[in-house]
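I opened the notebook with the sequence beside me and the structure on the screen. These entries record what I looked up, in the order in which I turned to it.

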Amino acid sequence: MTSTQTVSVIIPARNEEFTIASVVRSLAGQAEVSEIIVVNDQSEDGTAAVLASLRGEVPKLRVLEAGVLPEGWVGKNHAAWQGSQRAKGAWLLFTDADTLHLPGSTAQAGYGDDIRVDTAWTGQIVDRSWFTDEQYAPYRKAGQVKVPFW
């Protein structure tokens, strides 16, 4: 694997204090994962506190606050978009905050022409070139799916 084959994990999280630590830890040891971006989507529970406690344990962890939801967006999709805009990896892995990733699962997904996506175990891995603002703009109206490949 080269440095251009790194994976940025994006986890939208809202009120996930009981599950967020498990998903972050399950991704932290995956060699392909260069960063784990959790977008805290206006949580009203202890999610922020759990994430703060994980920062010292998981150097790959970056926490973003979603902030106020812009008109025409829905929360989870907006949080996923925010994470994608800050991601640095060649590949983006979108996953839910209540999942658990088995050791080596990211490596088994494959990259490039050999990409294999299994939403039952991990979510979606996409080449970041698929996630351009031009492709995203048509889906911004309220009530429409924001990420067409989910």
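Which residues does Ser8 touch, not counting residues up to four places away in sequence? I found that Ser8 touches Ser34, Glu35, Ala87, Lys88, Gly89, Trp91, Leu92 and Leu93, where contact means heavy atoms within 4.5 Å.

Before going on, I noted that this is a predicted model, in which local features need pLDDT of at least 70 and side-chain atom pairs count only at pLDDT 80 or more, while totals for chains, interfaces and linings use all residues. I also noted that residues are numbered from 1 along each chain as its sequence is written, and that side-chain values use heavy atoms, with hydrogens and water left out.

**Entry on strand E1**

I placed Ser8 in strand E1, which covers residues 7-13; helices (H or I, at least four residues) and strands (E, at least two) are DSSP runs, numbered from the N terminus. I then looked up the accessibility of Ser8, and with a relative accessible area of 0% it is buried, a word that stands for under 20% relative accessible area, with exposed being over 50% and partly exposed in between (1.4 Å probe, protein chains only). For the strand as a whole, I wrote down that 7 of the 7 residues of E1 are buried, so E1 is largely enclosed by the rest of the structure. From E1, Val7, Val9, Ile11 and Ala13 point one way, while Ser8, Ile10 and Pro12 point the other way.

**Entry on strand E2**

I next turned to strand E2, residues 33-40, and found that it is mostly covered, with 7 of its 8 residues buried. E1 and E2 pair in the parallel sense over 7 bridges, and two strands count as paired if DSSP finds at least two bridges between them. Within this pairing, Ser8 has Glu35 as its bridge partner in E2, and Val9 has Ile36.

I also followed Val38, which lies in E2 and counts as buried at 0% relative accessibility. Leaving aside neighbours within four places in sequence, I listed the contacts of Val38, among them Ile11 and Ala13, Ile20 and Val24, and Leu51. Val38 and Pro12 are 26 residues apart along the chain, yet their C-alpha atoms are separated by 5.9 Å.

**Entry on helices H1 and H2**

I looked up how helix H1 (residues 20-28) lies against helix H2 (residues 47-54), and their axes come within 10 Å and cross at roughly 30 degrees. The axes are lines fitted to C-alpha atoms, for helices over the stretch in contact, and angles run from 0 to 180 degrees between N-to-C directions. H1 and H2 are therefore roughly parallel to each other, since angles under 35 degrees count as roughly parallel, over 145 as roughly antiparallel, 65 to 115 as roughly perpendicular and the rest as oblique.

In the contact itself, Ile20, Ala21, Val24 and Arg25 of H1 meet Val50, Leu51 and Leu54 of H2.

**Entry on the buried side of H1**

I listed the buried residues of H1 as Ile20, Ala21, Val23, Val24, Ser26 and Leu27, and these pack against partners including E1, E2 and H2. Ser26 has a relative accessible area of 13%, and apart from residues up to four places away in sequence it touches Leu100 and His101. Finally, I noted that Ser26 and Gly104 are 78 residues apart in sequence and 9.8 Å apart in space, C-alpha to C-alpha.
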